[in-house]
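Hello,

Here is the structure I promised to pass on. Please open it first, then read the notes below.

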Amino acid sequence: MSTNHQVVVYGASGYTGKLTAWKLAERGIPFIAAGRNAERLQMELDKVPELKGADYECVEVAHDRKALAGLFAGKKVVVNIVGPFMQLGLPVVEACLDAGCHYFDTTGEMDWVQMLKQEFGPRFKAKGLALCPANSYMWTEGNIAAEIALETPGIDTLDIVYLADSQVSVASTASFLRMCTNPQHYLQNGELVMWPYATSYTVQLPGEHKAFNALPWSGGGEPVWFEGDPRVRNCSVLVSFRNQQLFAGVFGLLQKFEAECRELPQAKREEITNAWGADITKVEPPRENPDINRCILSCQGRGNTNSVSVILRGNSPYAQTGVLGAEAARRVLRGLLRETGFVSPAKAFGARSLLASLADEGYLAHEVKSI
């Protein structure tokens, strides 16, 4: 196999995988597109016009630790896009550790992030490797905004709200349903506290006259990253979608889950949320349109006597995820990784640096105000 392929995109045939491949090709980074079916991989990547003439190779690999470690051997970066991650991610992380690869993924599942922090963070640190989950729109936009808010002296409380307006991919639908039916947490006085199940909250976004219903959506990666950080006492994250009809449908499923499924064994609960997800989203959506698929991230920071508002206005959350995966690979290959072990995207590469990368491609702008 060609030695110039130092990056592996695992799960490249999916919606987000194809976007990551596109952004790697734009940067001129050779990569291996890996998955369980080489023919399907090639068929899906042939649909991406930006990949014409790009330096990549489709490789079929079994989804087990030994086979994946064999593929990852000699590589530097793995971008894992195979979810739900709590169901499918463990062999990939173990294989990265075995092969000596930096690990990045696109999860939104807080229990997965917590497990990686506790069980794998020290082991990756000992090998000088980065373990960076949720290197994606969720939960990196909030991570970026939070770090900018913390530049204001005295800020110790972060109240974060996401508002997106994109159709949801097949894999994301399965992930978010399992996320919302498993324990979700916020940070309060330095301790993780569980959100109540099947409870929605009304939020107001800057520049919006309407109020929106929101959910913890697994609680967000930000509370896990800031747990134990002496700068942060409190951190909460809520997520909403402009399509409130779809949101209401999801919330109805969560209520149904509490009434009918909460006491079932964990494996059965996961089976149910997977089935519900398959019913909601049956086909992958088209590529996002920046004129339609717009998003807002609001981070309100507070201290004893001061406060700051950080607003990120952007578009195309899935395309942003592709940029973040490609940027992670590019920066690792160039020796720009700032920290190893379990690390947030902002700690790995710098919040303002990541913000600039997204802004340069027209995906994000920001505003900071003392209030």
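Is Trp217 buried or exposed? Trp217 is buried, because its relative accessible area is 4%, and the cut-off for buried is under 20%. Please keep in mind that this is a predicted model.

**Around Trp217**

Trp217 pairs with Phe241. Their ring centres are 5.5 Å apart and their planes meet at 50°, so the pair counts as tilted.

**Other rings**

The whole structure holds 12 aromatic pairs. One of them joins Tyr15 and Tyr318. This pair is edge-to-face, with 5.0 Å from centre to centre and 80° between the planes. Tyr15 sits in helix H1 and Tyr318 in helix H12, 303 residues apart. Tyr15 counts as buried at 8% relative accessibility. Tyr318 is buried as well, with a relative accessible area of 11%.

Charges also sit over rings. Lys23 lies over the face of Trp22, 3.8 Å from the ring centre. The charged end of Arg262 is over the ring of Tyr197, at 3.6 Å from its centre.

**The sheet**

Seven strands make up an open sheet. Their order is S3-S2-S1-S4-S5-S6-S15, and the pairing is parallel. Which strands stand at the edges? They are strand S3 (56-60) and strand S15 (341-342). Each has a single partner strand, so one side of each is left without a neighbour in the sheet. Strands of a sheet pair through backbone hydrogen bonds. Strand S6 (residues 130-132) and S15 run parallel and are joined by two bridges. In one of these, Ala130 has Gly341 of S15 as its bridge partner.

**The largest pocket**

How much space lies in the largest pocket? It holds about 1100 Å³. The lining counts 47 residues, and the closest to the centre are Ile81, Gly83, Ser169, Ala171 and Ser172. Several helices give two or more residues to this lining, among them H1 (15-26), H2 (38-45), H7 (137-149), H8 (170-181) and H12 (317-333). H8 gives the largest share, seven residues. By type, the lining divides into 22 nonpolar, 22 polar and three charged residues.

**The second largest pocket**

The second largest pocket has a volume of about 250 Å³. It is lined by 13 residues. Tyr15, Lys18, Glu44, Lys47 and Pro285 lie nearest its centre. Tyr15 is also the ring that pairs with Tyr318. H1 and H2 are the elements that give two or more residues to this lining. The largest share, three residues, comes from H1. Here the lining divides into six nonpolar, one polar and six charged residues.

**Where to look**

Then go to Tyr15, which lies among the residues nearest the centre of the second largest pocket. Finish at S15, one of the two edge strands of the sheet.

Best wishes

Key. Residues are numbered from 1 along each chain as its sequence is written. This is a predicted model: local features need pLDDT of at least 70, side-chain atom pairs count only at pLDDT 80 or more; totals for chains, interfaces and linings use all residues. Side-chain values use heavy atoms; hydrogens and water are left out. Two strands pair if DSSP finds at least two bridges between them. Helices (H or I, at least four residues) and strands (E, at least two) are DSSP runs, numbered from the N terminus. On a 1 Å grid over the protein atoms alone, a cavity is a set of points where a 1.4 Å probe fits but cannot get out, and a pocket is an open set with protein on both sides within 12 Å along at least five of seven lines; lining residues have an atom within 4 Å of a point. Grid points are joined across faces, edges and corners, and a volume is the space filled by probe spheres set on the points. Ala, Val, Leu, Ile, Met, Phe, Trp, Tyr, Cys and Pro count as nonpolar, Asp, Glu, Lys and Arg as charged, and the others, Gly among them, as polar. Rings of Phe, Tyr and Trp (its six-membered ring) pair if their centres lie within 6.5 Å; planes under 30 degrees apart count as stacked, over 60 as edge-to-face and the rest as tilted. Buried means under 20% relative accessible area, exposed over 50%, partly exposed in between (1.4 Å probe, protein chains only). A charge sits over a ring if NZ of Lys or CZ of Arg is within 6 Å of the ring centre and within 35 degrees of the ring normal.
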